[in-house]
Amino acid sequence: MSATTYQEVAQALAGANAQKRSVRVRGAGTKDYLGDLNPTDLVLETSALRGIVAHVPADLTVTLAAGTPFADLRAALAQAGQFLPLDPPHSDSATIGGIVAANSTGFWRARYGGIRDQLIGTTTALADGTLARAGGRVVKNVAGYDVNKLLIGSLGTLGVIVECTFKILPLPRASAGLQASFARGSAAFAAADALARTPARAAAIVVDSTARDSWRLLVLAQGDPSAVERTLSIATDATRAQGGTAERHDDIELGLGPLRELPATARGTLVRASLPVAAQSAFADAATRLAGFRHLVSDAASGVVRVHVQSDEISEIAAADALGAAARVCGGSARVERRPDALRDRVTAWGDGEIPGLFLMKRLKDAFDPNGVLEPGRGVVR
């Protein structure tokens with residue numbers, strides 16, 4: 001069913017909960033590959049909940065319905081000389097609610113932070129039909145439990161987000177980039193780390209590789225023209241110190257775009273690892289040795305690394321297991337973002353390793369959705 005108002009979403013959930021009918025939540029469908037999808041009794045479409053509810057340029061805030069396409073928001077804010085500092089994959093079609101529910105961010109965390117740093121208010125339809133509001137429409141909210149952060153990355157398992165309020169920023173005055181090449185992954189990550197440790201605060205610091213002896217560092221700098229030039233100068237020096245070669249690219253987005261969209265375009269198996277920054281080089285070395293290795297993309301300032309493997313079924317299953325184990329050895333965690341439909345019953349999204357904090361997640365799920373009707377099997381709590 002398709003809901004056109006917040007109240008219709010709440011009523012649909014209340015009815016499903018009373019009858020213990022399971023519900024899948026779907027906006028634009030760009031995140032349909034995430035998690036372990038079990039069949040449900042009802043698919044609740046939210047893409048009709050769209051439009052900017054309130055935009056206060058002087059306060060640098062915007063409130064919008066969760067079904068609003070991110071592209072529409074970006075265009076509207078640009079007319080006011082402002083932007084929401086997020087760069088998620090699927091940006092041409094993803095909806096705001098899906099971006100928040102999937103914690104879907106790109107490479108800009110190095111400078112601007114992630115969704116948790118921009119989201120200041122939500123309205124959510126809970127399983128029992130309650131419309132719950134958290135935070136507010138001003139940057140300085142009252143103290144208390146920050147329910148907004150529980151919803152980020154919840155994949156619709158705790159409630160259906162129907163409205164979001166974000167902090168926004170003026171568009172940067174200048175933007176430029178740099179691309180560097182290295183023969184060794186350790187050198188690329190060392191250069192990235194050297195840049196990340198300076199006060200320069202690059203907007204994006206990305207390392208990628210498609211072969212063990214070929215590595216790139218892509219840097220995006222935004223802000224005042226003098227700050228942009230200083231950042232690129234530091235990145236150039238860090239590259240040369242590690243034996244690499246650097247070249248300025250004023251339209252570095254041409255290089256970053258395909259890397260950001262890897263979750264949308266990868267065929268085969270795609271694993272997302274969250275690692276300590278210092279452990280990325282060791283993890284990357286192990287990843288590039290796997291049978292069927294195709295591509296590694298690292299948001300080097302935050303430790304989020306994606307590895308794309310495409311081979312026969314046995315090799316992809318082995319690679320998913322190996323990457324999960326390698327992430328745990330490095331002090332991080334991993335999940336399978338994409339895998340072929342034929343492997344969905346043999347490769348689980350969350351792996352077989354121990355998940356830190358699982359007992360707390362189960363308690364939250366029981367509190368928000370005691371009948372387990374929302375997105376069964378989608379999240380880490382089975």
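## Helices, cores and a few loop residues

Reader: Where is Thr-231?

Author: This is a predicted model, and Thr-231 sits in helix H8, residues 225-241.

Reader: Is Thr-231 buried or exposed?

Author: Buried: its relative accessibility is 4%, under the 20% cut-off.

Reader: And what is Thr-231 in contact with?

Author: Leaving aside neighbours within four places in sequence, Thr-231 contacts Leu-195, Ala-200, Ala-202 and Ala-221.

Reader: Switching to the largest nonpolar core. How many residues, and which ones touch the most other members?

Author: That core has 45 residues. Those touching the most other members are Phe-182, Val-207, Trp-215, Leu-217, Phe-283, Leu-296 and Val-307.

Reader: Take Val-207. What does it touch, not counting residues up to four places away?

Author: On that count Val-207 touches Ala-188, Phe-189, Ala-192, Trp-215, Arg-216, Leu-217, Leu-296, Val-297, Ser-298 and Ala-300.

Reader: What other core lies apart from it?

Author: Another core, of 24 residues, lies apart from the largest one. Among its members are Leu-73, Leu-84, Leu-119 and Leu-158.

Reader: Leu-73 is in H2, then. Which residues of that helix are buried?

Author: In H2, residues 70-79, the buried ones are Phe-70, Ala-71, Leu-73 and Leu-77.

Reader: Why do they line one face?

Author: Viewed down the axis of H2, the buried residues fall within an arc of 160 degrees, so they line one face of the helix. As background, an α-helix has 3.6 residues a turn, so residues three or four places apart point the same way.

Reader: Which residue with a positive phi follows H2?

Author: Gly-81, with phi near 70 degrees.

Reader: What about a positive phi in a residue other than glycine?

Author: Leu-60 has one, near 55 degrees. Leu-60 lies in the loop between E3 and E4, and at 28% relative accessibility it counts as partly exposed. His-90 is not a glycine either, and its phi is positive at about 60 degrees.

Reader: Where is His-90, and is it buried or exposed?

Author: His-90 is in the loop between E5 and H3. With 11% relative accessibility, His-90 counts as buried.

Reader: On to H7. At what angle do H7 and H11 pack?

Author: About 150 degrees, with the axes of H7 and H11 (residues 280-287) 9 Å apart. That makes H7 roughly antiparallel to H11, because angles over 145 degrees count that way.

Reader: Is the crossing of H7 and H11 left-handed or right-handed, and which residues make the contact?

Author: The H7 and H11 crossing is right-handed. Gly-185, Ser-186 and Phe-189 of H7 meet Gln-280, Ser-281 and Ala-284 of H11.

Reader: Phe-189 again, from the Val-207 list. Which loop comes between E10 and H7, and who is in it?

Author: Ala-183 is found in the loop between strand E10 (174-182) and helix H7 (185-196). Ala-183 is exposed, at 54% relative accessibility.

Reader: What does Ala-183 touch, not counting residues up to four places away?

Author: Arg-212, Asp-213, Ser-214 and Trp-215. Trp-215 is also on the list of Val-207 contacts.

Reader: How far apart are Ala-183 and Ala-211 in sequence and in space?

Author: They are 28 residues apart in sequence, and their C-alpha atoms are 9.6 Å apart.

Conventions
Residues numbered from 1 in each chain as written. Predicted model: local features only at pLDDT ≥ 70, side-chain atom pairs only at ≥ 80, totals over all residues. Heavy atoms only, no water. Helix = DSSP H or I, 4+ residues; strand = E, 2+ residues; numbered from the N terminus. Buried < 20%, exposed > 50% of the residue type's maximum accessible area, 1.4 Å probe, protein only. Contact = heavy atoms within 4.5 Å. Core = buried A, V, L, I, M, F, W, Y, C linked by side-chain atoms within 4.5 Å. Arc of directions from axis to C-beta. Axes fitted to C-alpha atoms, helices over the stretch in contact; angles between N-to-C directions. Parallel < 35°, antiparallel > 145°, perpendicular 65-115°, else oblique. Left-handed = near helix turned anticlockwise from the far one by under 90°.
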